Every structure is written in structure tokens, then in C-alpha cells.
Amino acid sequence: MNGYGVFRYSLFSSQKQFISKDSSITFESYFKIGFDENTLDDWSEDFLKYLHLNQNNVRNGLWCYIEHEPIKNINKKRILASNWKELEHLLSQNFLKLIYSVLKEQKKGFFFNDYLFVLLGYKIPTEESYETHWQLVKVHKKEIPVEGKKISNGNYTGVCTSLEINWGKTKNTSYQRFFGRGKLSDSFTNSRILIVGIGALGSSLAEILVRGGVKDLSIDDYDIVETGNLCRANYSLFNLNFPKIDALSNRLLSVSPFVNVKVRQLKMNSIPKDTLEKELNDRFDFIFDCSTDPEVTHILDNLTFKGKFFSLGLT
């Protein structure tokens, strides 16, 4: 990738931690949505919907591919550039004009908590080759790191000021990096999986599968979360009286941005056998029956299912 442009991102979480009675620190995490309106990052559809859920948290930022790391060598140590002047040789005139115009005109939709987010991309080595790392810079809306310098014939060129750089922290989060350890086999993670019953066993199984890299998971349960569920199942006090399928799907999306979670809230004895059999064969490769319901197990046992079926229970 070369050049520069606009990207979109969304606030994912904001948590305040008190370090004393009268002092606190707020930790915020953001996810990049895509480089423009038509290019989305490789998150799951469900996670992208979650990021877009609150449009008040979606903002635009600026990106520029600079190819080389923004570092300087001091006493044989590699250190990130400390002021914008040290970045000037890496930034094009067009990008300097863009960042100047966004800050000067205070363009709507580009500021979150008074800051403009700028991503600088450059190559970093991996075990096999190279990949692009995107380093975050936060620019306060009242501090413009670019100014015009008059040159011949009354023209101006953009130059960087000595304004200190406010570096942010970024992490490359590709599917391969996210599940670098503990990933299940591709034949499993690329399969369509249904879990029937998401109590103590089903909710735990669902989370294990998602942490193992499963991308397409459906959960089926018509019950709500009650206090008696909390000591054994993957629910919390915040989930009380919510449908289990909603509580668990939200939890799973907080674990992996690569999973699509489909929910079902159907009683299998209310569906004709032929209809149920066709639906399950069309939609799933694996079915895990964790319902501990003899009637559900009997119904599933008597279907002709082309995939793999497992009935699990705890006593």
C-alpha cells in the first residue's frame, strides 16, 4: 500500500481505573473499521455491526504510508521520532496539506475527545517476510503540526513544526496473529457449527471454540439467565433475566472480532422432522447437543444428518 487518505475507526471500550481516591486513568481501545467507505477490515460481519452500533463512536482519521520506520538513532539506540520536524522527510506535501486542512477547518467527524487520529504505516520484519505496521499518532485539534513556508514566486510549501509527537499504542491483529497459539485445525475453524443448549456445558464449549478460532457459530436456547446459572455457566450478574442467546453472543463477540454468532430460539419439537432435517443439513457441518434434554436428544438422534453430531452431558 502506498499513498495517504482517510480511514474509519470506532471506540470499542472505555474503562476508568482509580489509582487513588481523587485520581483516575481512563483506558480506551479502538478498532479500525476500514480505509474508506468501500473497504472494510477483515473483522466478522457481526463485529463490524457491533462497531457501527453506536454511530456517535465512529470517527474518521488520516493515514499515510511512509515505508520506513519513524525512528532516529541516538547513541546507537533506535528511538521513535520525538517531534514532527523529524517526520518531515517521510511525509508528502499532499499529506501535509490534508492534515493542515482537517485541523485548520476543524472538519466534522474527524475528532474524538478533541484529538485527530493519524496512522503512519511502514514495513516491519516477520519470521517469513515483511508486514505493514500502523503506528498511531494523536494530534490535539488546537495544535497544528504543519505550517506554510514561503518560497519563490509567492508560493508556499508545507513544513512540519517542532511540536512534540503524541504517540499512541497499536497492535497488528490479523486472524493469524490473534490465534497464533491454541488455534484449532482449519477443517474445524472453517466449519459451520451449531450448539443446542447453552447452559453450563454449552456456554463453556462455545467460548472454547471461539477462542480456538471458530468463525461461524450458531447457538440455540430459549431460556433466560437466572441466578442459579452463574456459578456454572459463562454468564454474569449483568446478564440476569436476559435471553441466554443474547448474553452469550455478546460475550463471544468480546472474545473474538472474527466470529459470526447466529442465534436461534426454537423448540425443536415444534418443527416438522423433514423441515428440521433439511435446515440442519443445509446450514451446519457440526452439531453439539448440550441440552441435556432427552426429548431434544431423541429428535436429533432420529434425523439423517450428513455432518458430525455429538451429544454431550454432565452428571
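Aspartate 285 is partly exposed, because its relative accessible area of 26% falls between the limits for buried (under 20%) and exposed (over 50%), taken with a 1.4 Å probe and protein chains only. Its side chain meets that of arginine 192 in a salt bridge, a term that stands for a side-chain nitrogen of Lys or Arg within 4 Å of a carboxyl oxygen of Asp or Glu. Arginine 192 lies in strand β10 and aspartate 285 in the loop between α7 and β13, so the pair ties together parts that are 93 residues apart in sequence. Helices (H or I, at least four residues) and strands (E, at least two) are DSSP runs, numbered from the N terminus.

This is a predicted model, in which local features need pLDDT of at least 70 and side-chain atom pairs count only at pLDDT 80 or more, while totals for chains, interfaces and linings use all residues. Residues are numbered from 1 along each chain as its sequence is written, and side-chain values use heavy atoms, with hydrogens and water left out.

The structure holds 16 salt bridges, including these three:

| Pair | Closest N to O |
|---|---|
| lysine 262 and aspartate 216 | 3.1 Å |
| aspartate 41 and lysine 32 | 2.8 Å |

Lysine 262 in strand β12 and aspartate 216 in strand β11 are 46 residues apart, and their pair links distant parts of the chain. Aspartate 41 and lysine 32, in turn, are both buried.

The nonpolar residues come next. A nonpolar core is a set of buried Ala, Val, Leu, Ile, Met, Phe, Trp, Tyr and Cys residues joined through side-chain atoms within 4.5 Å. The largest such core has 35 residues, and those with the most contacts inside it are Ile193, Ile195, Leu209, Leu217 and Phe288. Several elements give two or more residues to this core, among them β10, α5 and β11, while α6 gives the most, with 6 residues. Apart from it lies another core, of 26 residues, which includes Val102 and Tyr122.

Helix α5 spans residues 200-211 and reaches 17 Å from its first C-alpha to its last, close to the 16 Å expected at 1.5 Å a residue, where the expected span is 1.5 Å times one less than the number of residues. Among the buried residues of α5 are Leu205, Ala206 and Leu209. Isoleucine 195 is in contact with Leu205, Ala206 and Leu209, among others, contact meaning heavy atoms within 4.5 Å.

Definitions and conventions:
Lists of a residue's contacts leave out its neighbours within four places in sequence.
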